[in-house]
Amino acid sequence: MRSEKRRWRISRRGFLIGFGLLGSGLAIGLTVGVREGRLALARYLDDSTAPGTVKAPPNLWFEILPDSTVKLYSPKVEMGQGVHTALAQIAAEELEIEWKDIKVVQASTVRGLNDPFGTGGSSSINSLFDPLREVAATLREMIRIKAADLWSLSPELVVATNGYVFQRNDFTEKLSYGEIAVTAGEWEVPEVIPTLKPRREYRYIGKSLPRVDSLSKLTGVATYGYDKYIDGMGYGVVARPKELGSELEYASPGRAIEQPGVITVLVEDGFAGVVATSRKEATEALKHLELRWSVVESFGTEDIERVTTVQDGRGVLIQRHGRTRANLQNKDQLISAEYRSPPAYHAHLEPQAALVDVRSDGVQAWVSTQSPELVQKELASILKRKRSDVEVMPTYLGGGFGRKLNVEVAGEAARLSQAAGRPVHVGWTREEDFLFGSFRPPTHSVLRGSLKGGRVEAIEHQLASGDVSLADLPAVAGAVMGADFAAWKGATIQYAVPHRRVTQQRVSLPIKTTWWRGLGLLANTFAVESFFDELAINAGVDPLEFRMNHLSGDEEALRLRKVLETAAEHADWGGPLPTGRAQGIACCTNVRTVVAQIAEVSVENNVIYVHRVTAAVDPGLVINPDGAIAQTQGSIVMALSSTLKENVSFSNSLPRARNFDQYPLLTLRETPEIDVVLVESGEEPFGMGEPPMGPVAAAVANAVFALTGKRIRRMPLDFS
């Protein structure tokens, strides 16, 4: 069908990471000074969610087939989080169709559903909630108006429901959406966006409907980047250094081209790779290249930790209220503590993978990526082609967690495909993914606080961390912002303390650090919520009561109070526990979602066991309760694995762990009972994929202290 051009209204929910953010940051800085500008920007970023960045008319989002099946083209990728199902529920709600009639198709970069933000930041549902409902309602009205035209009736005399349009005065007269969609002629686009359904009329939103991708995954039909295959393709392998930071100074094909199965050898611009008829043959041939790498200064774990250390007074101010330092002068009343977290792997099941076919008439790329537009831009630059020549088709992802926002593997496959004159698939090994990927940044937190009358009078948090977002943004971003907003997620003080101050210090590391699920939320909440527990103990007040005493009366604080009360009720906080067990509590706010958790633990032979985690989550409006619970459970398991086990250590400029046998994760046997309670508020959904990560480490550490009197201030938690 054909629609007229119109400007689609997209609700603006925050800064778009890029020039929009930088422009606003510069304007603030010029108007009120750099420090105040950065504080204003920090407040904005701390309270905002990702923007809705997809602006497209209904015919780019949807395709109606003759049998009335409606295809929804999703700009957000499915990596196990259930986003395709939730988007289908939102669309079907306003389209007025049966659930069985909607199918979700992953949109490629040529579809027109341009989404520069990609899939991440717990933003997929809340950023598209209004835009998708608006285009679905508009398409429904276009169908209704077209049916009225076919019947020569006024549009007010027809109604759309369940995939049909009926005549109001004669419900025996009906046309299916499919019958209407195949008719020729002009299609009228409503001048204004139709009125959207009120919550009381929802049929699909708020229901635990089955996932739309379950059947394809259960039957093996679903295609992941690592599985992608087309006839005639070759397999590519790329030369890697022996040390992080080392660069290729000299390369020669050597005898690689003579090896069995080799199709081509590419040596150019600090890049060397081999294409063969199998991955094994390519790997063997790679050994016959002649390579020389630059020598780098060796580093280890102790060097990274030394660099990642707070330097008093050197951080950039991100939160300020009152006169904190003046109220922390009395050393007799001062309480202080330091917390650390190490680098961590993303440890997704599927390593980096891409299949790229470079032809004279265009480029097609099937990539396991969270950011198709970024990959399209990178490939166009590498191949010196127009962006419109490059079509990126995201596959299903076997996990992403932020690592697949940047996909070097697509560029490698593109180079090799261009050289070989055929499609080339590059799939990193697990060892490559561990050794040459990127890491969650290490952190060091120094907290100081003072008490007065059983309450916190002043609190200061100084954070040192490697970059998260700024590692992938232009250098000017760091100059404008000063601090990395993604690195300090969870670092600010959410309680009503008269005097509070938070700074973040960026540190330069010899390893690449980047986006990791929850950004800085897990490590920073561990520090802040553990320290708040320390303050509660020093004040002689129950940790739950202590938190309640420091909540204001604003909307966010009331929501936080509610989840704290709910978690306490469901976990029977303060009630009897089995011998040798204790509980710990922690909470956080992230992307407008509030979470409270209570961990029940024991310690046996210096080993920490977590038996139960109770989580109360308020993500605003819940689209699919079963999906929201699964997201919460997944976040808790991932965070608990990091809390108890995960630690990337370095020696001789390389990570020590090369595979999962050297990097243990939480096993199914070690996974506790997880009780999730959803507490809804409001008429819109907030973030769901990352907020439940935040309180886990602090809740466990606080429980260990309650049980043993030992305060553990370093992740992973080690009781020995």
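Predicted model: local features only at pLDDT ≥ 70, side-chain atom pairs only at ≥ 80, totals over all residues.

Q: Which residues touch the most other members of the largest nonpolar core?

A: In soluble globular proteins, nonpolar side chains tend to be buried together. A nonpolar core is a set of buried Ala, Val, Leu, Ile, Met, Phe, Trp, Tyr and Cys residues joined through side-chain atoms within 4.5 Å. Buried means under 20% relative accessible area, exposed means over 50%, and partly exposed is in between (1.4 Å probe, protein chains only). The largest core here has 137 residues, and L535, L564 and V700 touch the most other members. Helix α14 (residues 521-539) gives this core its largest share, nine residues. Helices (H or I, at least four residues) and strands (E, at least two) are DSSP runs, numbered from the N terminus. A second, separate core has 47 residues, including F129, A148, A160 and I205.

Q: What is L564 in contact with, leaving aside its neighbours within four places in sequence?

A: Contact means heavy atoms within 4.5 Å. By that rule L564 is in contact with L544, R547, M548, L551, I585, C587 and A596.

Q: What span should helix α18 have, and what covers its buried residues?

A: The expected span of a helix is 1.5 Å times one less than its number of residues. Helix α18 (residues 696-708) has 13 residues and should therefore span 18 Å; its end C-alpha atoms are 18 Å apart, which agrees. Its buried residues are V696, A697, A698, A699, V700, A701, N702, A703 and V704. Their cover includes α14, α15 (543-549), β21 (582-590), β22 (593-604), β23 (607-618) and α17 (625-644). Just after α18, G709 takes a positive phi of about 80°. P716 is in the segment after α18, and a cis peptide bond with omega of about -10° joins M715 to P716.

Q: How many residues of helix α4 are buried?

A: In α4 (residues 83-95), 13 of its 13 residues are buried. The helix reaches 18 Å from its first C-alpha to its last, close to the 18 Å expected at 1.5 Å a residue. E96 follows α4 and has a positive phi, near 60°.

Q: How many bridges join strand β4 to strand β5?

A: Two strands pair if DSSP finds at least two bridges between them. Four bridges join β4 (residues 158-161) to β5 (residues 164-167), and the two run antiparallel. V158 stands opposite Q167 in β5. The hairpin of β4 and β5 has two residues between the strands, and N162 there takes a positive phi near 55°. β5 also pairs with β6 (residues 170-176), in the antiparallel sense and over four bridges. Q167 stands opposite D170 in β6, and this hairpin has two residues between its strands.

Q: How many aromatic pairs does the structure hold?

A: A pair of aromatic rings is described by the distance of the centres and the angle of the planes. Rings of Phe, Tyr and Trp (its six-membered ring) pair if their centres lie within 6.5 Å; planes under 30 degrees apart count as stacked, over 60 as edge-to-face and the rest as tilted. The structure holds 14 such pairs. Y345 and Y663 form an edge-to-face pair, 4.7 Å centre to centre with 70° between the planes. This pair links parts of the chain 318 residues apart. F434 and Y663 are also edge-to-face, at 5.7 Å and 75°. F299, Y345, F434, F439, F650, F660 and Y663 form one aromatic cluster.

Q: Are D269 and V591 buried or exposed?

A: D269 has a relative accessibility of 71% and therefore counts as exposed, whereas V591 has 8% and counts as buried. D269 has a positive phi of about 45° although it is not a glycine. V591, not a glycine either, has a positive phi of about 40°.

Technical notes: Residues numbered from 1 in each chain as written. Heavy atoms only, no water.
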